[in-house]
Amino acid sequence: MITVDEIKRMLPHRYPMLLVDRVTDLVPGERASGLKAVTCNEPWYEGMPDTATEEDYHYPWTVLIESWCHVAGVLVTWDRPNPDVRSGKAMLLGGISDAEFHRPVVPGDVVEHHVRLARQVGETYVFEGESLVGKETALTIGRLTMTMRPASDLAAPPVPDPL
């Protein structure tokens with residue numbers, strides 16, 4: 001099991017955007033599974049009125065996908081941790097296709113993300129998988145593309161001195 005302290009040594013994400021609590025299974029170059037416990041204390045629920053219903057507490061789909069991506073990120077960086085993307089490599093999302101949302105996720109749910117590496121070409125990775133709450137599927141990802149690039153390639157060019 002990979003705990004949050006180890007995850008923080010692999011990924012640059014921190015509160016409020018570190019969205020995986022632990023990785024429960026990892027087979028390098030093949031697959032990983034991780035857990036995210038959703039609570040009502042997360043920043044997206046700040047300012048929720050007292051009259052809010054459970055439906056109003058629906059975990060944002062984009063954040064659920066980001067959480068799933070963090071498990072993919074651990075799978076990619078397992079053998080070469082990268083907590084400081086300013087001097088190492090940056091993880092870039094290339095795109096998602098065939099994502100389906102099946103059930104809302106709400107505070108109190110524990111989401112189990114399953115990520116499978118479908119293909120790798122150089123430092124570009126293609127993943128597929130799903131997220132479950134108990135035995136119910138909440139999210140399926142048909143294809144997600146991620147690539148690693150040197151942070152120096154992404155830095156803005158120096159601004160010329162106007163004088």
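The model is predicted, so local features are described where pLDDT is at least 70 and side-chain atom pairs count only at pLDDT 80 or more, while totals for chains, interfaces and linings use all residues. Residues are numbered from 1 along each chain as its sequence is written, and side-chain values use heavy atoms, with hydrogens and water left out.

Let's start with the sheet. Helices (H or I, at least four residues) and strands (E, at least two) are DSSP runs, numbered from the N terminus. Here, 6 strands make an open sheet in the order S1-S2-S4-S5-S6-S3, and their pairing is antiparallel. Two strands count as paired if DSSP finds at least two bridges between them. From one strand to the next, the twist averages 20 degrees. For such angles, axes are lines fitted to C-alpha atoms, for helices over the stretch in contact, and the angles run from 0 to 180 degrees between N-to-C directions.

Strand S1 (residues 22–27) pairs with S2 in the antiparallel sense over 5 bridges. These two strands form a hairpin with 3 residues between them, and glycine 29 in the turn has a positive phi of about 75 degrees. Valine 27 stands opposite arginine 31 in S2.

Where does helix H2 lie? H2 lies across S1, S2, S3, S4, strand S5 (124–133) and S6, and runs at about 55 degrees to S6. Contact means heavy atoms within 4.5 Å.

Next come the charged side chains. Side chains of opposite charge can pair when their charged atoms come close. A salt bridge is a side-chain nitrogen of Lys or Arg within 4 Å of a carboxyl oxygen of Asp or Glu, and the structure holds 11 salt bridges. One of them joins the side chains of arginine 31 and glutamate 30, at 2.9 Å from N to O. To describe how open a residue is, buried means under 20% relative accessible area, exposed over 50%, and partly exposed in between (1.4 Å probe, protein chains only). Arginine 31 is partly exposed at 33%, and glutamate 30 is partly exposed at 41%. Salt bridges also link Asp79, Arg80, Lys89 and Glu123 in a network.

Arginine 103 lies in the loop between S3 and S4 and is buried, with a relative accessible area of 17%. Which residues does arginine 103 contact, leaving aside its neighbours within four places in sequence? They are Trp61, Asp109, Val133, Glu136, Thr137 and Ala138. With aspartate 109, arginine 103 forms a salt bridge whose closest N and O atoms are 3.2 Å apart; aspartate 109 is buried at 12% relative accessibility. Arginine 103 also meets glutamate 136 in a salt bridge of 3.5 Å, N to O. This second pair links distant parts of the chain, since glutamate 136 is in strand S6 (residues 136–150) and arginine 103 is in the loop between strand S3 (89–101) and strand S4 (110–121), 33 residues apart. Glutamate 136 is partly exposed, at 46%.

We finish with the aromatic rings. Rings of Phe, Tyr and Trp (its six-membered ring) pair if their centres lie within 6.5 Å; planes under 30 degrees apart count as stacked, over 60 as edge-to-face and the rest as tilted. The whole structure has 4 aromatic pairs. In one of them, the ring centres of tyrosine 45 and tyrosine 57 are 5.3 Å apart with planes at 50 degrees, so this pair is tilted. Both residues lie in the loop between strand S2 (31–37) and helix H2 (61–77), so the pair ties together parts that are 12 residues apart in sequence. Tyrosine 45 is buried at 5% relative accessibility, whereas tyrosine 57 is partly exposed at 21%. Why does the pair of tyrosine 125 and phenylalanine 127 count as stacked? The ring centres of tyrosine 125 and phenylalanine 127 are 6.2 Å apart and their planes are at 15 degrees, so the pair is stacked. Tyrosine 125 is buried at 5% relative accessibility, and phenylalanine 127 is buried at 0%.
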